[in-house]
Amino acid sequence: MSTLKAVRGTRDLLPPETSLWNRIEATARQVFARYNFGEIRTPVFEDTSLFARGVGEETDIVSKEMYTWEDRARAQSEKPQSLTLRPENTAGVVRAYIEHKLGETGQLQKLYYIGPQFRRERPQKGRYRQFSQIGAEVIGPPSAGSESPLRDAEVLEMLAALLDALGITGWTLEINSVGSSADRARYNEVLRAALIPVAPQMCGDCQRRAVTNPLRVLDCKVPEDQPIIDALPKITDSLDEASKTHFAAVLAALDAAAVPYTRNHRLVRGLDYYTRTTFEFTHGGLGAQNALLGGGRYDGLSEAIGGPKAPGIGFAMGEDRLVLTLQSLESAPPQVADAYIAPLGESLNPAALALARELRLAGLAIELGDGSFRLKKSFEAADKTARSIVILGEDERASGILTVKNFASGTQTKVPRTELVAFLAK
Ligand code: HAM
């Protein structure tokens, strides 16, 4: 029988790497709390039409990458339903916002999420079929200030603070405005016309996109096509006055907060719901899949899926890519316990468990050995997993004085049990 393996594009995360994941998530939760965001958890699968209507039928995500299945009816009263593993979380958050009538509070909803997403992409470093996103959305009725450029700038400033808190240095914020949906439609036509004379000199994908979805030409990475793309009309020139003013106000607030950015006229993003501000944070340490995170404004998404007017802005960070970036920046210290307890003989196992419990309750990380091990084997195991070894023999139990050896210094010390916690915590 062939051995079973994790499915292509999925991975097991093992210690010690998982401690890095936990550190990232704990830091994100702390930063979100400082900005007064609350956590939302939406289901991992949704009705397929949510993504078709929200993210857009023509996007790569919806047309090629979704895990969709027909969920059979189990009873006559049930109907079969097309379900999809979520490829992203914004559509689910906006669905929940509508379903729970969060707009009726009249307040801005500031929500964050951490969890798995699924896309059938070609796997490579930094690109998986199951990956994890840490994201946040700010959404609410216009009367709550949800359209204000200050919301965009605050989200971007929060991201700069979060990346700093994570210890990620050397990132670049690329920003653009794609205007209103009318601006985008107008630009699409301008681009379509501009591509007619030049498309025959471009790559096969671009020739196809020039007809089906001209905006996607801007994503092309083929080196020979770059001078042609750079000479195409820019979306900035198709924006209406209101979108131009909005964008200028976002940039002015970023300048005031000293958040550095680069304007990228080609950043139109691959999801259909974006309006006005779009952005990505990139990092050189990531190679080809260099987007640490992406996001933008989606002022019409709620209406597109049957809800009230509820402009919003948000982002999602690829947690897998945060881990890769941090690994490229630092060599993670191996995970070691504060102490290893070595009972000398199986009869001392119960006493060793009692000692381990006492030390763990005091907050120390303890590895518990086994009395059947010879002392040499206990030392070898302890050296791999802990900073110190605590020897618990009959003498130690009777006298309450324990023998502790620290591996880094090589010193062996007699420590009274009452002082053990303080000694090991040093
Ligand atoms: P997105 O650009 O599709 O946007 O994904 C955001 C981030 O998720 C990417 O920058 C990348 O770091 C990570 N990511 C995407 N696909 C993969 C993959 N296959 N493997 C590993 N990481 C991946 C969204 O998902 C939007 N919902 C963001 C948003 C929130 N816009 C507004 N609010």
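Modeller: Let's look at β11: Gly312, Gly314, Ala316 and Gly318 point one way from this strand, while Ile313, Phe315 and Met317 point the other way, and all are buried. Buried here means under 20% relative accessible area, with exposed being over 50% and partly exposed in between (1.4 Å probe, protein chains only). In a regular strand the side chains alternate between the two faces of the sheet. This is a predicted model, where local features need pLDDT of at least 70 and side-chain atom pairs count only at pLDDT 80 or more, while totals for chains, interfaces and linings use all residues. Residues are numbered from 1 along each chain as its sequence is written, and side-chain values use heavy atoms, leaving out hydrogens and water.

Strands here (E, at least two residues) and helices (H or I, at least four) are DSSP runs numbered from the N terminus. β11 belongs to an open sheet of eight strands with mixed pairing, in the order β1-β5-β6-β11-β10-β9-β7-β8. Two strands pair if DSSP finds at least two bridges between them. The edges of that sheet are β1 (38–39) and β8 (262–263), each pairing on one side only.

So who are the partners of β11? On one side, β6 (residues 130–139) pairs with β11 (residues 312–318) in the antiparallel sense, over seven bridges. Within that pairing, Glu137 has Gly314 as its bridge partner, and Gln133 stands opposite Gly318. The strand β10 also runs antiparallel to β11, joined to it by five bridges, and there Gly294 is the bridge partner of Ala316.

Glu137 is among the residues that come nearest to the ligand, together with Glu88, Glu121, Tyr128 and Tyr274, out of 27 around it. As for Gln133, one of its polar side-chain atoms lies 3.1 Å from an oxygen atom of the ligand.

Now for the helix. α5 (residues 149–166) lies across β6, β7 (171–177), β9 (275–283), β10 (291–297) and β11, and runs at about 20 degrees to β11. That angle is taken between N-to-C directions, from 0 to 180 degrees, with axes fitted to C-alpha atoms, for helices over the stretch in contact. Leaving aside neighbours within four places in sequence, Leu163 is in contact with residues including Met317, Phe281 and Leu292; contact means heavy atoms within 4.5 Å.

Phe315 and Leu163 also turn up together in the largest nonpolar core: of its 46 residues, they are among those touching the most other members. Such a core is a set of buried Ala, Val, Leu, Ile, Met, Phe, Trp, Tyr and Cys residues joined through side-chain atoms within 4.5 Å. α5 gives the most to this core, with 10 residues.

Key
Near = heavy atom within 4 Å. Polar contact = N/O pair within 3.5 Å; in protein donor to acceptor, adjacent residues only side chain to side chain.
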